[in-house]
Amino acid sequence: MAKSERSTVGERLYWCYANQAMAEMATTDRAEAYGRLHYMVRARLYKGLRTGSMSAGSLMRDQAVRMKLPQECVYCGSVQFLSIDHIVPVNRGGDDGGDNAIWACRRCNSSKSDRDLFEWWSATRGGLPPLFVVRIYMKQALRYFENRGLLGQDWRTVEGSAYDLAMLPESFPGPRELTFTPHHARKRRAAETEAESTGEGPDAGPAAGGEAAGTAAE
Ligand SMILES: [Zn+2]
C-alpha cells in the first residue's frame, strides 16, 4: 500500500472521484469486472484532475440525470413517505441548493440524520452507496475544499472540516456489487432475468478485462 502517494486533500478526493467515474462506467456498461479500459479511464481522470487539465463533471449533468429518475428514495428505492434530503447535510457544509438535494424515504432520512454519507452507509449497510449519490457527494466535497484553499494540505492534518476524509473509500468494489441508483439496479435485474428466461444469459462469455475480479485498487 503506497500510503504517502495520496497525502493531500486534493489527491485523496481526486482518487475517489476517479474511482467513482470508473465504477460508474463499468456499472452502466453492465460489465462483470473492471477491464483495461476502465482502469485507463480512472488513471487518465486522476492525472487530469491533479494537473488541472480536467475538472469534475458539471452539476448540470447531474440535474439531467435526476430529471429522468422516477420519484423514489435515492438510497433504497422506496416510494413511500418521501421528502427532500441533502446528501451532504447543510450543517456540515453541504450546499443548500438543489444540487445537493435528492428524494429520500422517511426511514433512510431519519437513519442517516446528520451523519456523513459514507459513515452512515458503512455503519448501517456496508459496501458503497449508489454511485449517483457518491458522485454528488464527491463534487460537493471538491468544491468545499477548493473554496477553502485546502486541496494542497495533508488530509490528515485537516481539522474541523464538514467531511470525514478518513471515511472516503480508497478502492471500490467490483461493478456487480455496485448500483448507479436503485432504479438502475432494478432495470439490470429485470434485463438479466429476461436474458435467463430466453436462455441467453447476461453476457456471461469471457469477461472483457483480464483483471482480478472485484479489486478496483491495484
Ligand atoms: Zn430509503
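**Figure 1. Residues 204-218 have a pLDDT that stays under 50.** In this stretch the predicted model has 27 contacts beyond four places in sequence. Over the chain, pLDDT averages 87, and 89% of the residues score at least 70.

**Figure 2. The chain holds seven helices and two strands.** Read from the N terminus, the order of elements is α-α-α-β-β-α-α-α-α. The chain has 218 residues, and 33% of them are buried.

**Figure 3. Helix α1 packs against helix α2.** Two packed helices are described by the angle between their axes and by the distance between the axes. For α1 and α2 (residues 36-51), the angle is about 150° and the axes are 8 Å apart. Angles over 145 degrees count as roughly antiparallel, so α1 is roughly antiparallel to α2. The crossing of the two helices is right-handed.

**Figure 4. Residues of α1 meet residues of α2.** On the α1 side the contact consists of G10, E11, Y14, W15, Y17, A18, N19, A21, M22, M25 and A26. Their partners in α2 are H38, V41, R42, L45, Y46, L49 and R50. Sorted by class, this contact has twelve nonpolar, three polar and three charged residues.

**Figure 5. E11 is a residue of helix α1.** Is E11 buried, exposed or partly exposed? A residue is buried with 20 or more other C-beta atoms within 10 Å and exposed with 12 or fewer. E11 has 18 C-beta neighbours inside 10 Å and therefore counts as partly exposed. Leaving aside residues up to four places away in sequence, E11 touches R6 and R50. R50 is also one of the α2 residues in the contact between α1 and α2. Y46 lies 35 residues from E11 in sequence, and the C-alpha atoms of E11 and Y46 are 8.2 Å apart in space.

**Figure 6. Helix α1 (residues 9-28) also packs against helix α6 (residues 131-147).** Here the angle is about 155°, and the axes are 10 Å apart. The two helices are therefore roughly antiparallel to each other. Their crossing is left-handed, whereas α1 passes α2 in a right-handed crossing.

**Figure 7. Residues of α1 meet residues of α6.** Helix α1 contributes V9, L13, C16, Y17, Q20, A23, E24 and T27. Helix α6 contributes L131, V134, R135, M138, A141, L142 and F145. By class there are eleven nonpolar, two polar and two charged residues in the contact of α1 with α6.

**Figure 8. R92 sits in the loop between strands β1 (82-86) and β2 (101-105).** How many C-beta neighbours does R92 have inside 10 Å? The number is 17, so R92 counts as partly exposed. Not counting residues up to four places away in sequence, R92 touches D114 and A162. A162 is 70 residues from R92 in sequence, but the C-alpha atoms of R92 and A162 are 4.5 Å apart in space.

How values were computed: Residues are numbered from 1 along each chain as its sequence is written. This is a predicted model: local features need pLDDT of at least 70, side-chain atom pairs count only at pLDDT 80 or more; totals for chains, interfaces and linings use all residues. Axes are lines fitted to C-alpha atoms, for helices over the stretch in contact, and angles run from 0 to 180 degrees between N-to-C directions. Helices (H or I, at least four residues) and strands (E, at least two) are DSSP runs, numbered from the N terminus. Angles under 35 degrees count as roughly parallel, over 145 as roughly antiparallel, 65 to 115 as roughly perpendicular and the rest as oblique. A crossing is left-handed if the near helix is turned anticlockwise from the far one by less than a right angle, and right-handed if clockwise. Two residues are in contact if their C-beta atoms, placed from the backbone, lie within 7 Å. Ala, Val, Leu, Ile, Met, Phe, Trp, Tyr, Cys and Pro count as nonpolar, Asp, Glu, Lys and Arg as charged, and the others, Gly among them, as polar. pLDDT is the predictor's confidence in each residue, from 0 to 100.
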